[in-house]
Amino acid sequence: MRKLVKNNVSWVGYIDWELETFHGDDYSIKNGSSQNAYLVEEEKTVLIDTVWTPHRFDFVDNLKKEIDLNKIDYIIANHGECDHSGALSALMAEIPDTPIYCTAQCVKSLEGQYGKHGWNFHTVKTGDTLEIGNGKKLIFVEMKMLHWPDSMATYMTGDNILFSNDAFGQHFAVEELFNDKADQCLLYKEAIKYYTNILNPFSALVAKKLEEINGFNLQIDIIAPSHGAIWRERPQQIVEKYAQWAEAYQENQVTVVYDTMWEGTAKIAHRIAEELHRQSPETVVKVFSISKADKNEIMTEVFKSKAIVVGSPTVSNSIISSVAGWLEFLKQLKFKNKRAAAFGCYGWSGESVKILQERLRDAGFEVIEETVRSLWNPEESDFAAIPALVSSLLK
């Protein structure tokens, strides 16, 4: 069922209430999601993006109920990833000669995923335009590495809509479609989680792209992303957030992250949290067990933090596997301007803390020298090292 966005622009996507994971199982979904596709019906009829592969046949069937597919003049593929292009093969089987406008990299992506079918590709780059009638046109803006090499956004003049693809989105199901209709707390929570786990590695590019878009002096009345709520009420608010998030973002928060075998490392984690609060009552303190908490939620809290404290017991002359995997993900996200400390328990060899410090440095953190290392179960003599660690971390 189509939903009106503005004038002759409609949403024709798919709201996925049951979705629990994304990017395989690498991204957790807590509040549903959507794949947003848009239909523009001016003198020319334009379809902007499709939906994820599992919903391809429903998408095409629903689109047939709204419009004669042969009336579609152009298809815009802002991004080749299958959550946006997954229905394209089924659609092109119905209208095989329809022109597809996308970047040159997107052609490679689509043909790489779906094969070479002789589709009628028209490659575009930043500043290229497409007239759609009634005095309106589409302007294309490449968004390389936000978050794939092929990504782009499309701006529609007249109605002043930026179809931003993955930028400014959220994995968040909003039946009412628009940001002013959504739960504002959940909207912000899902937006920052999305930025942290998907876009933060490309923050330097985000900052440059925002400057470039601002330089175009485009009036943007609506930002229509490919996932989640459409920003129609003060759309600039999410642009402002991205500008903040792209600049080595942090709040007055410290996050303690650990895993444990026989609760010794857990005891140290909680004592560190208590000391953080004692020394700096105004600082927000969060504590997470890596094996029990959702990794994407943890990373969102790390993104908000000015410092983290990471703990692991020593296992086979190394660190526990759950922490090792988490640290690899931490490195992928390329956080900047954050401090870190390490702690842990051991039974005989005791390498974990040194390894944690090395991995945290590799992940781009400024690692302090102070640590807490406990032989067997921590005692008060071990806890006595915590105040110095916290004091150094908070400097």
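This is a predicted model: local features need pLDDT of at least 70, side-chain atom pairs count only at pLDDT 80 or more; totals for chains, interfaces and linings use all residues.
Helix packing comes first. Two packed helices are described by the angle between their axes and the distance between the axes. For α6 (residues 203-215) and α7 (residues 236-245), the axes come within 9 Å and cross at roughly 140°. Angles over 145 degrees would count as roughly antiparallel, so at that value α6 and α7 are oblique to each other. The crossing of α6 past α7 is left-handed. On the α6 side, the residues that do the touching are Ser203, Val206, Leu210 and Asn214; on the α7 side, their partners are Gln236, Val239, Tyr242, Ala243 and Trp245. Sorted by class, this contact of α6 with α7 comprises six nonpolar and three polar residues, with no charged ones.

The other pair is α8 (residues 264-279) with α13 (residues 386-393), whose axes lie 9 Å apart at an angle of about 55°. Here, too, the helices are oblique to each other, α8 against α13, and their crossing is right-handed. From α8, the contact draws on Ile268, Arg271, Ile272, Glu275, Leu276 and Gln279, while α13 supplies Ile386, Pro387, Val390 and Ser391. The class count for α8 with α13 comes to six nonpolar, two polar and two charged residues.

Now for the cysteines. A disulfide is a covalent bond between the sulfur atoms of two cysteines. The model has zero of them. Take Cys106: the nearest cysteine sulfur belongs to Cys102 and sits 4.1 Å away. A disulfide here calls for sulfur atoms within 2.5 Å, so Cys106 is in no disulfide.

Which of its residues are buried? In α11, these are Ser352, Val353, Ile355, Leu356, Gln357 and Leu360. Just after α11 comes Gly364, which takes a positive phi of about 95°.

Terms used. Residues are numbered from 1 along each chain as its sequence is written. Side-chain values use heavy atoms; hydrogens and water are left out. Axes are lines fitted to C-alpha atoms, for helices over the stretch in contact, and angles run from 0 to 180 degrees between N-to-C directions. Helices (H or I, at least four residues) and strands (E, at least two) are DSSP runs, numbered from the N terminus. Angles under 35 degrees count as roughly parallel, over 145 as roughly antiparallel, 65 to 115 as roughly perpendicular and the rest as oblique. A crossing is left-handed if the near helix is turned anticlockwise from the far one by less than a right angle, and right-handed if clockwise. Contact means heavy atoms within 4.5 Å. Ala, Val, Leu, Ile, Met, Phe, Trp, Tyr, Cys and Pro count as nonpolar, Asp, Glu, Lys and Arg as charged, and the others, Gly among them, as polar. Buried means under 20% relative accessible area, exposed over 50%, partly exposed in between (1.4 Å probe, protein chains only).
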